[in-house]
Amino acid sequence: MYYIKASESCVMSFAAGIKNSTSDIFAQTLEETELLLIPANSLKTWLKNYPQLNVLFNAQYDMRYADLLHTLENMVFHKMDERILLILKDKAVLIASNVIKISHQALADDLATSREVISRVLKKLEREGKLILSHQSIKILDL
């Protein structure tokens with residue numbers, strides 16, 4: 001999972017477009033979003049006519065590779081409570097709010113674990129005063 005911000009691109013969809021194949025990526029927005037969709041059958045022509053697209057693709061690829069390494073580091077070296085706080089803080093920055101509308105199941109899906117584990121760790125974090133749990137939302141206190 002990664003976040004695509006304004007002026008960024010989904011490198012996996014871009015790569016699928018270059019091969020003129022279907023992307024296996026599932027995208028979900030956190031807020032109302034406007035997208036620019038490039039027809040896959042036009043992408044190779046556009047890359048020839050607009051070399052800056054290659055620059056964009058390479059920059060996005062570098063950024064996503066660094067994100068992947070960061071994610072692997074988190075999975076290997078950080079406890080679940082740290083990982084949960086990190087993902088919640090990332091979401092909070094993206095939406096510019098310390099209240100994140102998310103279910104425990106959606107958070108579990110994002111972190112590739114069970115809802116029960118997420119619920120247990122969220123309760124622990126709430127007891128520690130790091131967040132407040134509400135129905136379908138989480139308020140981060142130590143942003």
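The model is predicted, so local features need pLDDT of at least 70 and side-chain atom pairs count only at pLDDT 80 or more, while totals for chains, interfaces and linings use all residues. Residues are numbered from 1 along each chain as its sequence is written, and side-chain values use heavy atoms, with hydrogens and water left out.

**Overall build**
- The protein chain has six helices and three strands. Helices (H or I, at least four residues) and strands (E, at least two) are DSSP runs, numbered from the N terminus.
- Along the sequence the pattern is α-α-α-α-β-α-α-β-β.
- The C-alpha trace spans about 55 × 30 × 25 Å along its principal axes.
- Of the 143 residues, 27% are buried. Buried means under 20% relative accessible area, exposed over 50%, partly exposed in between (1.4 Å probe, protein chains only).
- Among contacts between residues at least 6 apart in sequence, 56% join residues at least 24 apart. A contact means heavy atoms within 4.5 Å.

**Strands**
- Strands pair if DSSP finds at least two bridges between them.
- Strand β1 (residues 99–101) runs antiparallel to strand β3 (residues 137–140), with three bridges joining them. I100 has I138 as its bridge partner in β3.
- Strand β2 (residues 131–134) also runs antiparallel to β3, through four bridges. Here I132 stands opposite K139.
- β2 and β3 form a hairpin with two residues between them. In that turn, Q136 has a positive phi of about 65°.

**Helix α6**
- Helix α6 (residues 115–127) has 13 residues. From first C-alpha to last, α6 reaches 18 Å, close to the 18 Å expected at 1.5 Å a residue. The expected span is 1.5 Å times one less than the number of residues.
- I118, S119, V121, L122 and L125 are the buried residues of α6. They pack against α4, α5 (104–111), β2 and β3.
- G129 follows α6 and has a positive phi, near 80°.

**A buried lysine**
- K91 is found in helix α4 (residues 80–95).
- With a relative accessible area of 5%, K91 is buried.
- Not counting residues up to four places away in sequence, K91 touches Y3, L30, I100, I102 and D110.
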